[in-house]
Amino acid sequence: MGMMNFGLFGINNGPLADPDAAVRVAQAAEAAGFDSVWTGEHVVLPDPQAPPAPAAPHVPMLDPAVALAYVAAHTSTIALATGIIILPQRNPLVLAKELASVDVVSKGRLWFGYAAGYLHQEFAALGIPFDDRGARCDEYLDAILELWDSQSPTFAGETIRFSGIDAHPRPVQRPHPRLIVGGQSPPAFRRAVHRANGWYGFAMQPEAVARCIDGLERAAAETDRAPSLGELEITITPPPGPVDADTVDQYRQLGVARLVMLPRARDVEGIIQLVTNTAEAHHG
């Protein structure tokens, strides 16, 4: 197995919701050899915080497309990943335009990570049905790819229909940016195997990753995968903080290609130190 790749999570939230801080950290990650920076997404959060909300309502979180476009202007090689966008909550035509724009201004560095979502309070506040989010997620991706890939976009789904329209510019990457699916449910595993270049697991110890890889393998046994997609790439965010060499090797032995580090530090200097220490310890 090859050398582990490293990314950094949270380039749009917490202390990195400050644009100057995000730029400093993204540039440090690029200089250290990290291959990617990743955003999180929640349009709204429950107040007061209540399960299954992952963060307190006052945690600042920039829109992923806005944050990545800003970081793109101050970097040159590092990939810009949405990790993840909650697709059923978005208008797919508007999102297709936003993400194509990020790919254009970054000169082809966008990775599109998406999932069906899980925070029912957020769906309720947005007026989006929660129970059909999986089907809606798949349909919205179909609509986005039709806009990105087709010469004459036409789509007739259950909730989205369009014809006689077009949208430019297209993404720089052809046929479209890399697709990465998040989520730890059997439908998410099937979605990743069937449609995506990669699967992303968040805040997972190696033991949990092993269970998810078993789920992906079961999905692969019953789900078609286009040869053009290649091998499914596994990206994992470990629990917060640094990882030692033995732990990195455990992830590598499981087939993980990339670790997206989740800072424990709540200040820019501490986050940059995590980036630097990770690169020095693991040749990222």
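Let's start with helix H1. Ala21, Ala22, Val23, Val25, Ala26, Ala28, Ala29 and Glu30 are buried in H1. Buried means under 20% relative accessible area, exposed means over 50%, and partly exposed is in between, with a 1.4 Å probe and protein chains only. Helices (H or I, at least four residues) and strands (E, at least two) are DSSP runs, numbered from the N terminus.

A word on the source. This is a predicted model, where local features need pLDDT of at least 70, side-chain atom pairs count only at pLDDT 80 or more, and totals for chains, interfaces and linings use all residues. Residues are numbered from 1 along each chain as its sequence is written, and side-chain values use heavy atoms, with hydrogens and water left out.

Back to H1. What do its buried residues pack against? They pack against strand E1 (5-9), E2, helix H2 (64-72) and helix H9 (268-282). Contact here means heavy atoms within 4.5 Å. Now the length of H1. The expected span of a helix is 1.5 Å times one less than its number of residues. For the 14 residues of H1 that gives 20 Å, and the end C-alpha atoms are 20 Å apart, so the two agree.

Next, salt bridges. The rule is a side-chain nitrogen of Lys or Arg within 4 Å of a carboxyl oxygen of Asp or Glu. How many are there by this rule? The count is 13 salt bridges.

Take Arg258 and Asp35. They form a salt bridge, with the closest N and O atoms 2.9 Å apart. This pair links distant parts of the chain. Arg258 is in strand E10 (residues 256-261), while Asp35 is in the loop between helix H1 (19-32) and strand E2 (36-39), 223 residues apart. Is Arg258 buried or exposed? Arg258 counts as buried, at 2% relative accessibility.

Then Arg90 and Glu98. In this salt bridge the closest N and O atoms are 3.3 Å apart. Arg90 is buried at 12% relative accessible area. Glu98 is partly exposed at 27%.

A further pair is Arg136 and Asp132. Their side chains meet in a salt bridge at 3.1 Å, N to O. Arg136 is buried, with a relative accessible area of 12%. Asp132 is partly exposed, at 31%. There is also a network: salt bridges that share partners join Asp35, Arg178, Glu233 and Arg258.

On to pockets. The search uses a 1 Å grid over the protein atoms alone. A pocket is an open set of points where a 1.4 Å probe fits, with protein on both sides within 12 Å along at least five of seven lines. Lining residues have an atom within 4 Å of a point. Grid points are joined across faces, edges and corners, and a volume is the space filled by probe spheres set on the points.

The largest pocket has a volume of about 1100 Å³. Its lining has 37 residues, and Phe9, His42, Pro54, Tyr118 and Phe202 lie nearest its centre. Strand E3 (79-86), helix H5 (133-149), helix H6 (186-195) and strand E8 (198-201) each give two or more residues to that lining. By type, the lining divides into 21 nonpolar, 12 polar and 4 charged. Ala, Val, Leu, Ile, Met, Phe, Trp, Tyr, Cys and Pro count as nonpolar, Asp, Glu, Lys and Arg as charged, and the others, Gly among them, as polar.

The second largest pocket holds about 270 Å³ of space. It is lined by 13 residues, and Ile213, Glu231, Leu232, Glu233 and Ile234 are the closest to its centre. Which element gives the most to this lining? H7 does, with 4 residues.

Now Ala196, in the loop between H6 and E8. Ala196 counts as buried, at 0% relative accessibility. Leaving aside neighbours within four places in sequence, its contacts are Leu179, Ile180, Val181, Arg191, Arg225, Leu229 and Leu232.

Last, the backbone. Most residues other than glycine have a negative phi, and most peptide bonds are trans. A cis peptide bond joins Asp47 and Pro48, with omega about 5 degrees. The bond from Gly83 to Ile84 is cis too, with omega near 10 degrees. Ile84 is found in strand E3. Lys107, not a glycine, has a positive phi of about 60 degrees. Lys107 counts as exposed, at 70% relative accessibility. Ala203 has a positive phi near 55 degrees, and Ala203 is partly exposed at 36%.
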